[in-house]
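I opened my notebook to write down what I looked up in one structure.

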Amino acid sequence: MSQTGIVSLWNRYRSVGIVYRIGVAFVLGSLVGLVVGEPATALKPVGDLFVRLLKMLIVPIVVFTLLMGVRQLSPSSLGRVGAQVVGLYALTSAFAVAIGLGVSNLVSPGSRGLEELLAGAEAQSAEAPDAVEVVLNIVPTNPVGAMADGSVLPTIFFVVVFGLGLTLAWEETDDEQVKRGIEAFFDLADAGAEAMYKVVWGAMEFGVLGVFALMANVFGTAGVDAIVPFALLIGTMLLAAVVHIGLVYLGAFVVGVAGRSPVAFLSGARDAMVTALSIRSSSGTLPVTMSDADENLGIEERIYGFTLPLGATINMDGTAMYQGVAAIFAANIVGVNLSLADQFAVVAVAVLASIGTAGVPGSGLIMLTLVLTQLGLPLEIVGLVAGVDPILDRIRTMVNVTGDLAVTTVVATWNDAVDFTADAWNDGVGAALSD
């Protein structure tokens, strides 16, 4: 094939939206894993490379975009936006775990002859997060070390404090040289953010191969038989996710607050949702989530540059929901009926623990040990559920990321920081409901 033909073929390939290419890779990779079986796990390094690329972007994206967000926020508005964001994230997490419990009580997963599976399950070695330690660890003793370790929450804390300090210094100083220096620093952060967006583009292009390899590895390892006994558990989690997204994010937030079409929001958020479903990492999806907020939903950087990095760390709606579903699943297996008080305790523990749960694959299993301990249920359940956790993790991560964008849309609406003439809102399905 000539060079011209190769270029033409590449351009035609690129003309297909990345979300569709990733979706096709997701399906094809799953089929290859099921058909080929264990040999398909040889593709795992390709998937691992894609995940590592996204993880490489997390800290630079957080630093540059948070600095840009803080630059455009005055100290008073930073406090107002911060209170709105944290309050909404806590509220949606509480709703998520309550919906998970409600749907699980109706479906009753785990009550149909799974007791024998518990006997052969081995408990996972995982340490439940300590609440006091979580709070203390928000403040890094070594900010540079926190960035080097990829500790997102301490990094966010330091960058916000540092950015706020720069803003206050600029407002209060009369030294023009100091002002120019601060402006140059922020300009450098702006240039860094733009450069990182280009790197994100390259990572997502490779992501088509990466997602294919990830799914081939998952199904090549587990196979159909490994997930059949847990089909009801997976279905319950999926149903709870649909209910939560429909009622809270689309109904209450997009329609109720923003007055917009839910289809428009889903259209604008689809890249991030598909990526989250594919790679199982809220933090890893952060670059794509920011791109959707900016390019598709028309949200200003001063809002999404603050809300999304924070949400990728503390907003774990899907993970909290999973705790409710898994708690009912575990109780049914051992024949225990959870009282309303027990289920209320699940809500409280899940919301509080989600603050310290990292947005990385498999973190929900660690959080589950805390919930099971609170209820006095055997930790062997963790080992039992771990077999299908890659599938459950994809569902809860997709809920987490969708929640980040929904809350960001609400906060942007309240602060007049969203352009409703952006593409997603006006693609023929996204006009205001009042139009």
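The entries below follow the order in which I looked things up.

**Entry 1: ground rules**

I noted that this is a predicted model, where local features need pLDDT of at least 70, side-chain atom pairs count only at pLDDT 80 or more, and totals for chains, interfaces and linings use all residues. Residues are numbered from 1 along each chain as its sequence is written, and side-chain values use heavy atoms, with hydrogens and water left out.

**Entry 2: the whole chain**

I looked up the secondary structure and found 18 helices and 0 strands. Helices (H or I, at least four residues) and strands (E, at least two) are DSSP runs, numbered from the N terminus. Of the 435 residues, 53% count as buried. Buried means under 20% relative accessible area, exposed means over 50%, and partly exposed lies in between (1.4 Å probe, protein chains only).

I then looked up contacts, meaning heavy atoms within 4.5 Å. Among contacts with a separation of 6 or more, 84% are between residues 24 or more positions apart. The accessible surface of the chain is about 18600 Å², and 64% of that belongs to carbon and sulfur atoms. Such areas come from the Shrake-Rupley method with a 1.4 Å probe; for residues, only the protein chains shown count as cover.

**Entry 3: helix H2**

I asked which residues form a nonpolar patch on the surface. They are Val-24, Val-27, Leu-28, Leu-31, Leu-34, Val-35 and Val-36, with about 620 Å² of accessible area together. Patches are made of residues with over 30% relative accessible area and no salt bridge; like charges are joined within 9 Å, and nonpolar side chains (Val, Leu, Ile, Met, Phe, Trp, Tyr) within 5 Å. Val-24 is found in helix H2 (residues 18-36), and its relative accessible area of 48% makes it partly exposed.

Phe-26 also lies in helix H2. Phe-26 counts as partly exposed, at 22% relative accessibility. Leaving aside neighbours within four places in sequence, Phe-26 is in contact with Val-211, Met-215, Leu-277, Ser-278 and Arg-394.

**Entry 4: salt bridges**

Side chains of opposite charge can pair when their charged atoms come close. A salt bridge here is a side-chain nitrogen of Lys or Arg within 4 Å of a carboxyl oxygen of Asp or Glu. How many are there by this rule? I noted 3 salt bridges.

- Asp-48 and Lys-44 meet at 2.8 Å, N to O. They are 4 residues apart in helix H3 (residues 44-71), so about one helical turn separates them. Asp-48 is partly exposed at 29%, and Lys-44 is partly exposed at 38%.
- Glu-300 and Arg-302 meet at 2.7 Å, N to O. Glu-300 is partly exposed at 33%, whereas Arg-302 is buried at 16%.
- Arg-396 and Asp-393 meet at 3.1 Å, N to O. Both lie in helix H18, 3 residues apart, about one turn of the helix, and both are buried.

**Entry 5: a helix pair**

I looked up how helix H14 (residues 317-333) packs on helix H18 (residues 389-414), and found an angle of about 130° with axes 6 Å apart. Axes are lines fitted to C-alpha atoms, for helices over the stretch in contact, and angles run from 0 to 180 degrees between N-to-C directions. H14 and H18 are therefore oblique to each other. Angles under 35 degrees count as roughly parallel, over 145 as roughly antiparallel, 65 to 115 as roughly perpendicular and the rest as oblique. H14 makes the contact through Asp-317, Gly-318, Thr-319, Met-321 and Tyr-322, and H18 through Asp-389, Leu-392, Arg-396, Val-399 and Asn-400.
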